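I opened this notebook to keep track of what I looked up. The entries follow the order in which I checked things.

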Amino acid sequence: MQKFFLSQQFNTRSLAENSTACPANATICKGTSCVLSEDNFNEILSIILSSVLTIMLALVMFSMGCNVELKKFWGHIKRPWGIFVGFLCQFGIMPLTAFLLSLVFNVLPIQAVVVLIMGCCPGGTASNVIAYWVDGDMDLSISMTTCSTLFAMGMMPLCLFVYTKIWTESDAIVLPYDSIGISLVALIIPVSFGMYVNHRWPSKAKIILKIGSIVGAILIVLIAVVGGILYKGSWTISPKLWIIGTIFPAAGYSLGFFLARVAGLSWHRCRTVSLETGMQNTQLCSTVVQLSFTPEQLELMFTFPLIYSIFQLLFALLILGGYCVYRRHRVKTKTDVEKTEEKEDSKSTSSHAKINGAFVSNETK
């Protein structure tokens with residue numbers, strides 16, 4: 001055993017010295033594929049950033065709650081057609097899409113499992129911020145995020161049991177129910193306070209909402225940067241995973257919007273369902289992956305959640321940019337039509353007055 005360990009250590013050291021892609025402190029090294037060891041700095045940085053991000057996330061969700069009206073929110077709970085459509089997208093479309101992508105690209109079993117874990121995760125809180133910026137239904141967005149996180153307690157193990165049979169035993173995947181519960185509490189409590197503020201002080205709630213939406217946008221970018229800092233290992237990722245990581249969120253956004261439109265939801269609710277479908281809780285996926293697999297297995301699929309989070313953010317920003325262009329064009333067109341109608345009305349009034357010999361005021365000239 002000692003001889004095996006020494007040979008492994010020697011191989012790792014020699015590969016690290018001969019390869020420019022592999023640093024000397026890599027713990028797993030195979031060719032040019034490496035995962036760096038955790039150091040003290042990384043651990044301290046992770047704790048500090050996690051604390052800051054948690055506080056910021058709570059403030060953002062509090063501000064998002066300031067845009068939620070209790071009556072409308074309760075209306076979605078009592079008549080949950082929008083939530084039901086979102087449920088079908090979240091735990092129907094996404095796991096099935098993950099399964100089909102894994103089959104089509106014929107990835108390794110362990111890589112297929114991580115793609116499926118991502119597909120079975122509930123919606124992320126970033127969708128609430130983007131939904132606000134695209135004039136979505138915030139009441140539906142908050143209720144969908146809350147319900148999908150709650151339903152994940154039962155739906156994640158069920159979907160993983162159904163779809164991962166051909167690759168691995170579902171018992172091998174450890175689901176962190178405590179993390180799901182913490183996410184649920186971290187969502188419900190600040191949103192509830194925000195709803196109360198909106199009910200009692202609506203004018204102050206609007207100010208808080210504007211500040212929170214800006215902080216939310218900063219938070220989304222900050223999470224992406226933090227991911228790049230904490231996952232600073234050098235890997236040679238399979239091109240198939242990059243392609244899946246690109247197609248998967250785009251398919252989620254597109255299919256979510258299409259299904260919502262087929263279900264008869266209004267345009268602003270279609271945008272909301274689309275965002276809730278495509279934006280997954282990537283932090284939860286990373287936690288499940290780290291709890292369930294060995295370092296050797298992590299080498300093959302450790303960064304897929306990060307790849308997905310990057311592309312889901314990029315596509316969300318494209319959706320936001322497209323909507324801003326559309327809204328600006330629509331407002332401009334609407335203004336031009338109104339001005340044309342006003343000119344036509346003034347001309348008809350003036351000509352009518354001349355024909356009848358009536359007095360024409362300076363306003364109509």
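How far apart do the end C-alpha atoms of residues 83–105 lie, and how much of the span is helix? I found 32 Å between those end atoms, with the span 100% helix and 0% strand.

**Ground rules.** I am working with a predicted model, in which local features need pLDDT of at least 70, side-chain atom pairs count only at pLDDT 80 or more, and totals for chains, interfaces and linings use all residues. Residues are numbered from 1 along each chain as its sequence is written, and side-chain values use heavy atoms, with hydrogens and water left out.

**Record.** I looked up the UniProt entry, which is unreviewed; its annotation "transmembrane region" covers residues 44–63, 83–105, 112–134, 140–163, 175–195, 207–229, 241–260 and 306–326. Such annotations may be inferred rather than shown by experiment; positions are in the numbering used here and feature names are shortened. I also checked one other span from that record, residues 175–195. There the chain is 90% helix and 0% strand, and the end C-alpha atoms are 31 Å apart.

**Helix H4.** Helices here are DSSP runs (H or I, at least four residues; strands are E, at least two), numbered from the N terminus. H4 covers 81–105. I compared its length with the expected span, which is 1.5 Å times one less than the number of residues. The 25 residues of H4 should span 36 Å, and the end C-alpha atoms are 35 Å apart, which agrees. H4 bends by about 25° at Cys 89, the bend being the angle between axes fitted to the seven residues ending there and the seven starting there.

Asn 106 is not a glycine, and it is found in the loop between H4 and helix H5 (109–120). Is Asn 106 buried or exposed? Asn 106 is exposed, with a relative accessible area of 59%. The cut-offs are under 20% relative accessible area for buried, over 50% for exposed, and partly exposed in between (1.4 Å probe, protein chains only).

Asp 135 lies in the loop between H6 and H7 and is partly exposed, at 34% relative accessible area.

**Cavity.** A cavity is a set of points, on a 1 Å grid over the protein atoms alone, where a 1.4 Å probe fits but cannot get out; lining residues have an atom within 4 Å of a point. Grid points are joined across faces, edges and corners, and a volume is the space filled by probe spheres set on the points. How many cavities of 30 Å³ or more does the structure hold? I found 1, and the largest cavity has a volume of about 60 Å³.

The lining of the largest cavity consists of Ile 83, Gly 86, Phe 87, Gln 90, Phe 91, Met 144, Cys 147, Ser 148 and Phe 151. H4 and helix H7 (138–163) each supply at least two lining residues, and the largest share, 5 residues, comes from H4. By class I have 6 nonpolar, 3 polar and no charged residues. Nonpolar here means Ala, Val, Leu, Ile, Met, Phe, Trp, Tyr, Cys and Pro; charged means Asp, Glu, Lys and Arg; the others, Gly among them, are polar.

**Helix H11.** The 12 residues of H11 (residues 267–278) should span 16 Å, and the end C-alpha atoms are 17 Å apart, which agrees. Of these 12 residues, 9 are buried, so H11 is largely enclosed by the rest of the structure. Among the buried ones are Cys 270, Arg 271 and Glu 276. Val 273 of H11 is buried too, with a relative accessible area of 0%. I traced Val 273 to Gly 86: the two are 187 residues apart along the chain, and their C-alpha atoms are separated by 5.8 Å. Gly 86 is also one of the residues that line the largest cavity.

- Leu 241 lies in helix H10 (residues 239–262) and is buried at 1%; its C-alpha atom and that of Ile 307, 66 residues apart along the chain, are separated by 8.3 Å.
- Ile 130 is found in helix H6 (residues 126–133) and counts as buried at 3% relative accessibility; 7.3 Å separates its C-alpha atom from that of Ala 316, 186 residues apart along the chain.

Conventions:
1 Å grid on protein atoms, 1.4 Å probe; cavity = no way out; pocket = protein on both sides within 12 Å on 5 of 7 lines; lining within 4 Å.
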